[in-house]
Amino acid sequence: MGRGRYGFALLTAALLTAALTIAGTATVAAPAQAGPPSRPPAGPALLRPRSQDLNSVYCTASTTCWAVGFKETSKHAAVNQIVRWNGRKWTAVSAPSPGGTKMNAFSELFAVRCTSASNCWAVGIYQGAQSQLAQTLHWNGSKWAQVSIPEPGGTHEGQVTDLIDVACTSANDCWAVGEYGARGIGSVVGHNFAIRWTGKKWFKVKAPNPAGTKQNDVNSLDAVRCTSIKDCWAGGTAGVEAGAGIQLDEMLHWNGTKWSQADVPSPAGFMVGAFNEINGLSCTSASDCWAIGSYGGGSVSDETFLNMALHWNGHKWTQAMTPNPDGTGSNDSNVLNGVSCSAANNCWAVGTFGTISVSNSSKGEALHWKGSTWTKAKAPNPGGTAGGDQNSYNSVRCVSAKDCWIVGFSRNGSNPDLDLTLHWNSTKWSVQPSN
């Protein structure tokens, strides 16, 4: 994954051959890159003692919201974290962690969606005995429980299955997307992964793989949204992990019968070393959707990443201009991780920005769409803004134009990661502690 926290470190596409022809060379000389450092990769070796992060938030009402992620226990295990907003405060809710709770065990949730206060799904990953597996948890109004799913990546050493996002049109119709395949030294194969819930069980649905399915071809879906049972979008990135590569945006569309590849811009272009990735989606109707992420590239010592916002008007996807608060120069990094629209003229896109490999610091960014342009809004950075301080806005959800939540993590210097929860009251973003 370009965001670096999931199963594969992508670099790009089955379109590589054509792109190399355009570039006028038959070899790949530039060093490999895995995309902008939007937030730390997941994994036990990278956890700080007592760290906890939130990756996704969803609300069914102003008094009922869920946020999910991970937290590290005193036994140095990363376990699923789920917290709930009741209109007054955030409180922790018990949830299973299929990776276990022993030292170095690992479970993490990446997305949560609800159709009602008594029906929610959360998806993510966990570490099995030899392989990385996907997980789905279900809320029935009383408790969270794990539900079995297909694991096409298998359970052998080096096999990977991830679920990154989930969306529902009703209690009996949900989609979860991610990737699966094999990961080893000098060899990676990644396939798009889409599963569907029909009210009784999850089953795998065939999805195109724009990058191909040969060795070092990698396809990954990071986001999914539906406007109806016959209209869904799934976005991510597709490429080949070999040499420098070219990482391209990918977009798939569900028409009620099958998933098919759709045309979508890749603003960084098709030259060797280019990077494009869709991280989030939001739709208010079949003719109004936003896809956000980042694009850029360059060499390892001279990379630039810019915010990306793409709009669907019912006929085609086009790029919209966005601010880049870190700048657009050498080693500047701007990444959008999530987007939520309460109406066609009211959307928020959130992420993080910070110069690469300079001060190892980052700030959260919140961009506001009011119907004509994206503008940067003022938002808190509770982790601080000095060298080494980290702030990342990972997800946003709006109940209305006057009621939105951002979740992520903040870190002051060498201290542990802490949950970050911000609330929008129609006037400003303010910190609302989650514990």
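**Figure 1. Asn307 in strand E19.** Asn307 lies in strand E19, which spans residues 302-312; helices (H or I, at least four residues) and strands (E, at least two) are DSSP runs, numbered from the N terminus. The model is predicted: local features need pLDDT of at least 70, side-chain atom pairs count only at pLDDT 80 or more, and totals for chains, interfaces and linings use all residues. Residues are numbered from 1 along each chain as its sequence is written, and side-chain values use heavy atoms, with hydrogens and water left out. Asn307 has 1% relative accessibility and therefore counts as buried (buried means under 20% relative accessible area, exposed over 50%, partly exposed in between, with a 1.4 Å probe and protein chains only).

**Figure 2. Surroundings of the Asn307 side chain.** A polar contact of 2.9 Å links the side chains of Asn307 and Glu365. Such a contact is a pair of N or O atoms within 3.5 Å; within protein, one must be able to donate a hydrogen and the other to accept it, and residues adjacent in sequence count only if both atoms are side-chain atoms. Leaving aside residues up to four places away in sequence, Asn307 touches Gly293, Tyr295, Thr322, Pro323, Asn324, Pro325, Asn334, Val335, Leu336, Glu365 and Leu367, where contact means heavy atoms within 4.5 Å.

Figure 3. Seven disulfides are found in a search of the whole structure, a disulfide being a pair of cysteine sulfur atoms within 2.5 Å. A disulfide is a covalent bond between the sulfur atoms of two cysteines. One of them joins Cys168 to Cys174, with an S to S distance of 2.1 Å. The torsion about this S-S bond is about 105°, so the disulfide of Cys168 and Cys174 is right-handed. Cys168 is partly exposed because its relative accessibility is 21%, whereas Cys174, with a relative accessible area of 0%, is buried.

**Figure 4. The disulfide of Cys283 and Cys289.** Cys283 and Cys289 are joined by a disulfide, S to S 2.1 Å. About 110° is the torsion about the S-S bond of Cys283 and Cys289, so this disulfide is right-handed. Both Cys283 and Cys289 are buried.

**Figure 5. The disulfide of Cys398 and Cys404.** A further disulfide links Cys398 with Cys404 at an S to S distance of 2.1 Å. The link of Cys398 and Cys404 is right-handed, with 105° about the S-S bond. Cys398 has a relative accessible area of 4% and is therefore buried. Cys404 also counts as buried, because its relative accessibility is 0%.
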